[in-house]
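Colleague: I would like to go through this model step by step. Can we start with its charged pairs and then turn to a strand?

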Amino acid sequence: DDGAIVIDNSSAFRYKEGIPLVVPEINAETTKGKKLIANPNCTTAIGLMAVWPLHQLFGLSKMVMSTYQAASGAGQPGMDELMEGTRSVLNGERDVADNKVFAHPLPFNVIPHIDKFQDNGYTKEEMKVTWETRKICGLADDFPVSCTAVRIPTARAHSESIVALFDKPVDIVAARKALEEAPGVNLVDDIENLKYPMPLTATGQYDVEVGRLRRNIAFDNALEFFVCGDQLLRGAALNAVLVAEAMVKNGSLKAKNAM
C-alpha cells in the first residue's frame with residue numbers, strides 16, 4: 001500500500017479488470033485510491049476528447065471512426081523510414097521507397113493496416129479503439145464501435161473522421177457550444193475561412209482540434225466531425241501528466257516528505 005503509484009503507458013494493463021483506463025477529462029474519478037493506472041492508446045484518447053462532451057449531451061448509441069495516423073506512431077524508426085524514403089524517391093534514387101518498418105512503402109502512399117490482423121478482420125489497433133472506448137466511457141461490453149485505421153505519410157499528429165450516432169435528436173448549436181466549452185478541446189470550425197483541424201496545426205499543441213462538425217445525412221440523430229491531435233502529447237505524455245495531476249487533486253497522489 002505504501003509503494004509507488006504507476007501510470008503505465010503500455011498496453012499491458014489497459015483491459016485488466018480493476019485497473020482504471022483513464023482520460024482525465026472523462027473519468028479521473030476512477031483513479032481515486034488506485035496504485036496502477038493505465039494510459040489509453042493515443043488514437044482512442046484523441047477521439048474521445050471530442051466524443052465525450054457530445055455523449056454527455058445526446059447519449060452515444062454507436063460510433064464509426066476512420067483514422068489517418070502519422071508515421072511517428074511507429075516511433076522514430078517509422079519517421080526515419082518516411083523521411084529517408086521520401087528523399088530517395090524525390091532524388092530519383094528509387095521509383096518506390098524501401099520499407100522495413102511498415103508493411104508497404106509509406107511515401108506517396110496510404111496503408112490501411114496498423115498492428116496485427118485479428119480473427120474478425122479488424123486489426124488490433126482498430127479493436128483497441130472499440131475496447132478502450134467502452135471501458136473509458138463506462139459503456140456496455142458489446143457497445144457498437146467500429147474503426148478503420150490507416151497509416152498516412154505525415155510525420156506527427158493523428159487525424160480521425162468520426163460518425164457518432166445518438167439516442168437523442170442532435171442540435172448543432174448545442175454541440176458546438178459543448179465542444180467550445182470542453183477542456184482540452186479547440187474547436188477549429190470556420191469553413192468560410194478554410195479553418196479546420198489539420199496535423200500541421202495540431203502538432204505540438206496540448207488541445208485536440210475538432211472541426212467539420214455537421215449533421216450526418218445518412219443516419220438519424222448523427223453527427224460527423226474531424227479530429228486532429230498530437231498523439232505524442234495529448235495521446236500519451238500529456239495524458240499521463242494530467243492523470244497524475246488529477247490524482248493529486250483527489251488525494252491519491254501525495255508528495256513524500258523530504259529525507
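This is a predicted model: local features need pLDDT of at least 70, side-chain atom pairs count only at pLDDT 80 or more; totals for chains, interfaces and linings use all residues.

Colleague: Is Asp230 buried or exposed?

Modeller: Buried means under 20% relative accessible area. The relative accessible area of Asp230 is 0%. So Asp230 is buried.

Colleague: Which residue forms a salt bridge with Glu132?

Modeller: The closest N and O atoms of this pair are 3.5 Å apart. A salt bridge needs them within 4 Å. The partner of Glu132 is Arg14.

Colleague: How far apart in sequence are the parts that this pair ties together?

Modeller: Glu132 lies in helix H4. Arg14 lies in the loop between strand S1 and helix H1. So the pair ties together parts separated in sequence by 118 residues.

Colleague: Why is strand S8 largely enclosed by the rest of the structure?

Modeller: Strand S8 covers residues 222-229. It is largely enclosed because, of its eight residues, the number buried is seven.

Colleague: How many bridges join strand S5 to S8?

Modeller: S5 and S8 run antiparallel. The number of bridges joining S5 to S8 is eight.

Note on methods: Residues are numbered from 1 along each chain as its sequence is written. Side-chain values use heavy atoms; hydrogens and water are left out. Buried means under 20% relative accessible area, exposed over 50%, partly exposed in between (1.4 Å probe, protein chains only). Helices (H or I, at least four residues) and strands (E, at least two) are DSSP runs, numbered from the N terminus. Two strands pair if DSSP finds at least two bridges between them. A salt bridge is a side-chain nitrogen of Lys or Arg within 4 Å of a carboxyl oxygen of Asp or Glu.
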